[in-house]
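Me: Please go through this model with me, one question at a time.

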Amino acid sequence: MSDPILRLGMIGGGPGSFIGPVHRMAAELDGRIRLVAGAFSSDAERSRQAGAGYGIDPARAYPSHQAMIAAESQRADGIDLVAIVTPNHLHVPASRDALRAGLHVMCDKPAALSLAEMQGLAGVVADAKGLYALTHTYTGYPLVREARALVAAGRLGRLRKVVVEYSQGWLSTALEETGSKQAGWRTDPALSGAGGCIGDIGVHAFNLAEYVAGAPVRELCADLSIMVPGRRLDDDCNILLRFDDGTAQGVPGVLHASQIAAGDRNGLRLRVFGTEAGLDWSQEVPNTLTIHGLDGRTEVLHTGAGNLGPAARAATRLPTGHPEGYIEAFANLYRDFAAAIRAGAMPADGSLPGVEAGLRGMAFIETAVANSQARAGWSRLVV
């Protein structure tokens, strides 16, 4: 007998949302999860309109996540999990309420407004029946998983340097002053938290670097800037990193993230260098992974090819030469989460971001912001 389809309730994702429809497409791609309910907006009419757009029963479009959780808990066909796709300030309250109701949680990043808030949520997760996962989407790409496996297997030799960049240009002007919903909450400390660019995309770059390198960042030196006059949160970040490889010296790294790089679109790129080879992967060209050998030879790996390892093959849906992208990578997180829910536990190998990724992401944001403000030199990253 096939496994039953898990029933999903969405929190956020109302009119004007970018990420809500993405979550819906990703969750439903493999036929293991179906969106059946939602608290899409705090405005009851807008929530109803969003529900109609998603094609759900009008009676299951709620004005608040509290109302959804209460009503769905009384239904025989009630929701099994929630996707939290709101601005950052609602991530922890919604996660906490859902977990305490016995639901599983898939939350957007960053996980919280502050590290202290995330530490409190970690205690709730530890006591909850439901599981908690975080949508660091880029970990779902097949060739990111191949890169992670290659580093772990020693294909590059001993690590020597990690360089990660995430470059966008969409906030090069004061877009938040034009009524843009997406720019508005991302540049508002009350809704976004202490970090602007660093919390929105810098934390993605940080997570990707740790995920592939297989080593945690132990200290950093940050220079965060506000380049658009009148903006309250950083829009450009330049950070030196030191990864913990078990040696006193550690592994040096560089993280660059910007949302004022005029003309750049979604330029997430990771390079990892070892004593024997270096690898190079770019999110805008996600179906190739390049390995440059110390001997001068270059190898190009392709998504779907038969020479990839099991982790990459498991994350691939199409034959080689058929491009897979953002939605498929996002869907891999949902597929992995559905499998974890049925198994009753998150993957032990850390391949699916969860509480630990949330804690480390918030520690990274807060440490970098404080370090930059104080011009403090090197600071330890402590979760």
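**Pockets, sheets and helices**

Me: What is the volume of the largest pocket?

Reply: This is a predicted model, in which local features need pLDDT of at least 70 and side-chain atom pairs count only at pLDDT 80 or more, while totals for chains, interfaces and linings use all residues. Residues are numbered from 1 along each chain as its sequence is written, and side-chain values use heavy atoms, with hydrogens and water left out. A pocket is an open set of points on a 1 Å grid over the protein atoms alone, reached by a 1.4 Å probe and with protein on both sides within 12 Å along at least five of seven lines. Taking volume as the space filled by probe spheres set on the points, the largest pocket has about 920 Å³.

Me: Which residues lining the largest pocket are the closest to its centre?

Reply: Lining residues have an atom within 4 Å of a point, and 44 residues line the largest pocket. Of these, the closest to the centre are Ile-19, Val-85, Thr-86, Gln-182 and Trp-185.

Me: Which element supplies the largest share of the lining of the largest pocket?

Reply: Elements here are DSSP runs numbered from the N terminus, with helices (H or I) of at least four residues and strands (E) of at least two. S1, helix H3 (65-72), H4, helix H7 (181-186), helix H9 (197-213) and H11 each give at least two residues to this lining. The largest share, 4 residues, comes from H7.

Me: Which elements give two or more residues to the lining of the second largest pocket?

Reply: The second largest pocket holds about 390 Å³ of space. Among its 19 lining residues, Arg-148, Tyr-211, Gly-350, Glu-356 and Ala-357 are the closest to the centre. The elements that contribute two or more residues to this lining are H9 and H12.

Me: By how many degrees are neighbouring strands of the 5-stranded sheet turned against each other on average?

Reply: With pairing taken as at least two DSSP bridges between two strands, the open sheet of 5 strands has the order S2-S1-S3-S4-S5 and parallel pairing. Its edge strands, each pairing on one side only, are strand S2 (33-39) and strand S5 (132-134).

Me: Which residue in S4 stands opposite Ala-83?

Reply: Strand S3 (residues 81-85) and strand S4 (residues 104-107) run parallel and are joined by 4 bridges. Opposite Ala-83 in this pairing stands Met-106.

Me: How are H4 and H5 oriented to each other?

Reply: Helix H4 (residues 91-100) and helix H5 (residues 115-127) pack with their axes 10 Å apart, at an angle of about 10°. Axes are lines fitted to C-alpha atoms, for helices over the stretch in contact, and angles run from 0 to 180 degrees between N-to-C directions. Angles under 35 degrees count as roughly parallel, and H4 and H5 are therefore roughly parallel.

Me: Which strands does helix H6 touch in the 9-stranded sheet?

Reply: This open sheet has mixed pairing and the order S13-S12-S11-S10-S6-S9-S8-S7-S14, with strand S13 (298-302) and strand S14 (379-380) at its edges. Helix H6 (residues 142-152) packs on the sheet, its direction making about 25° with that of S12. With contact meaning heavy atoms within 4.5 Å, H6 touches strand S6 (159-167), strand S10 (267-274), strand S11 (277-282), strand S12 (285-293) and S13.

How values were computed
Parallel < 35°, antiparallel > 145°, perpendicular 65-115°, else oblique.
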